[in-house]
Amino acid sequence: MDIIVLRQDATDEDIRHIIKKLESRGLQANLSKGTEITIIGVIGDTSKVTEEEEDAIRAASGVENVVRIVKPYKLASREFRKENTEITVRGITIGGKKIPVMAGPCAVENRTVLGSIAEKVKASGATFLRGGAFKPRTSPYAFQGLGEEGLRYLAEARDKTGLPIITEVMDPRDIEVIAEYTDIIQIGARNMQNFRLLLEVGSSRKPVMLKRGLASTIKEWLMSAEYIMSRGNHNVILCERGIRTFETATRNTLDLSAVPVLKQLTHLPVVVDPSHGVGKRDLVAPMAKAAVAAGADGLIIEVHTNPEEAMSDGEQSLKPDQFERLMRELKPVAAAVGREI
Ligand code: PEP
Ligand code: MN
């Protein structure tokens, strides 16, 4: 017994009664009130619930049905929620017909460069500004990001352009300050299985974009989403950014088959990051188009006004004119699959 579907006429009293019953069995309830149906997700070791106990819940007042989910992730599963989750941030929806594009530098470098990149990507039709203030660098000697100063520049750029912002958190101790500034919290590939961090962002009310781990299966990735959701934050966006394979021609292997696979398994929106997926500027546009054709709900793309001088990931950053052309070329691709960009 993992999901309890409530009748439309279920009262608050009915719901309280069911929750109490679950809690007396050491289980927790995760209430999700949809427009059409209300559902209780049962959290905990549900395998110990006997058939008799399940029947008793099925017979309780206000209960329409009780469903068992065999998958290890529950709140993230399609069984839990049939319709796609749509997450709206400052009026922009992720998971709807229109495909948002998040664009900006790998790292926030200074106010002027960020400001000019923000203006340029906005003019080309981007709908979010990306940029790391806390950077997960392979080398401890490489530029680590500007920290809170970088968050301030992001917020200033948002004020000027109206673009909502997305930025990465690496440490639970930084969540509070990052949440003060950002519209979406990004969990980077290297932290996909940092479970304490996942639980902490799960307690935040900010939408979270969870990038796929460098060598993670789709199942592991969905379990990580489940960690966040188990704390009550259901606003999770998944981001495919390439996985490590034996291939060295590209930085990673962008697993675009993950997009239709995830569409079957989960109701969560799926964004694709072709920049980290391929690692080379010339390969970003074709993979961005392929991602849209495959059904991606959004794109995140690195753009820099002067990639040669970029403090990180210059080789995969598009120049503003290349980004502008890509945005134009994406339109017919989106239209061909019934979407808009
Ligand atoms: C990023 O998007 O800035 C980033 C570091 O990507 P990833 O975590 O996918 O490597
Ligand atoms: Mn980067």
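1. The shell of residues around ligand 1 divides into two nonpolar, three polar and six charged, where Ala, Val, Leu, Ile, Met, Phe, Trp, Tyr, Cys and Pro count as nonpolar, Asp, Glu, Lys and Arg as charged, and the others, Gly among them, as polar. This is a predicted model, in which local features need pLDDT of at least 70 and side-chain atom pairs count only at pLDDT 80 or more, while totals for chains, interfaces and linings use all residues. Residues are numbered from 1 along each chain as its sequence is written, ligands are numbered from 1 in the order in which they are written, and side-chain values use heavy atoms, without hydrogens and water.

2. Among the residues around ligand 1 are Lys135, Glu168, Lys211, Arg241 and His276, a residue being counted if one of its heavy atoms lies within 4 Å of the molecule.

3. The manganese ion (ligand 2) is coordinated by Cys106 (SG), His276 (NE2), Glu302 (OE) and Asp313 (OD), at 2.0 to 2.4 Å; donors are N, O and S atoms within 2.8 Å of the metal (3.2 Å for Na, K and Ca), and since water is not among the atoms, sites may look incomplete. Along the chain, the donors follow the spacing C-x169-H-x25-E-x10-D.
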